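Colleague: Hi! Could you walk me through this model and show me what is worth looking at?

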Amino acid sequence: MSILVLSIILSQMQIQLNRSEIQELYYDLLMHFGLVGGVNECQALEYAWSNPQNRIMIEEFIMQWLNRKKKKEALARHL
C-alpha cells in the first residue's frame, strides 16, 4: 500500500489527515502488521486491504490510532 492508497482508504472512511499524519499512520500500519522491511511491503498491505477480514482489522487499527492521537493531543494541551 502506498501513501496514495492509504489516502484513498482514509477518504473512503471520511478521515482527513495532513501529509505528516498520513505518513506516520502509514508507517505505524506497516509496523503493526509486521510488513516493515519485507519484500513488497506496499503490495502486501494493499493485498491485505482487499481481504474483507483484514480490511476490518485495518479499519479498526486506523480508528484506534486516531483515538490515541486525540488522547495525546488532549494531554499535551493540559500540560
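Modeller: Happy to! This is a predicted model. Let's start with Glu 21, which is buried, with a relative accessible area of 15%. The cut-off for buried is under 20%, so Glu 21 falls into that class.

Colleague: What joins the side chains of Glu 21 and Lys 69?

Modeller: Their side chains are joined by a polar contact of 3.0 Å. Lys 69 itself is found in helix 4, which covers residues 52-78.

Colleague: Which side chain is joined to that of Lys 69 by a polar contact of 2.9 Å?

Modeller: That would be the side chain of Glu 73.

Colleague: Nice. Let's switch to rings. How many aromatic pairs does a search of the whole structure find?

Modeller: The search turns up one aromatic pair. The two rings belong to Phe 33 and Phe 61, with their centres 6.1 Å apart and their planes at 65°, so the pair is edge-to-face.

Colleague: Which parts does the pair tie together?

Modeller: Phe 33 lies in the loop between helix 2 (19-32) and helix 3 (41-50), while Phe 61 lies in helix 4, so the pair ties together parts that are 28 residues apart in sequence.

Colleague: Is Phe 61 buried or exposed?

Modeller: Phe 61 is buried, with a relative accessible area of 6%.

Colleague: OK, new topic: helix 1. Which residues are buried there?

Modeller: In helix 1, residues 3-12, the buried ones are Val 5, Leu 6, Ile 9 and Leu 10. If you look down the axis of helix 1, its buried residues fall within an arc of 140°, so they line one face of the helix.

Colleague: Got it! Which residues are exposed on the other side of helix 1?

Modeller: Leu 4 and Ser 11 are exposed there.

Colleague: And what follows helix 1?

Modeller: Helix 1 is followed by Gln 14, which has a positive phi, near 60°.

How values were computed:
Residues are numbered from 1 along each chain as its sequence is written. This is a predicted model: local features need pLDDT of at least 70, side-chain atom pairs count only at pLDDT 80 or more; totals for chains, interfaces and linings use all residues. Side-chain values use heavy atoms; hydrogens and water are left out. Helices (H or I, at least four residues) and strands (E, at least two) are DSSP runs, numbered from the N terminus. A polar contact is a pair of N or O atoms within 3.5 Å; within protein, one must be able to donate a hydrogen and the other to accept it, and residues adjacent in sequence count only if both atoms are side-chain atoms. Buried means under 20% relative accessible area, exposed over 50%, partly exposed in between (1.4 Å probe, protein chains only). The arc is that of the directions from the helix axis to the C-beta atoms. Rings of Phe, Tyr and Trp (its six-membered ring) pair if their centres lie within 6.5 Å; planes under 30 degrees apart count as stacked, over 60 as edge-to-face and the rest as tilted.
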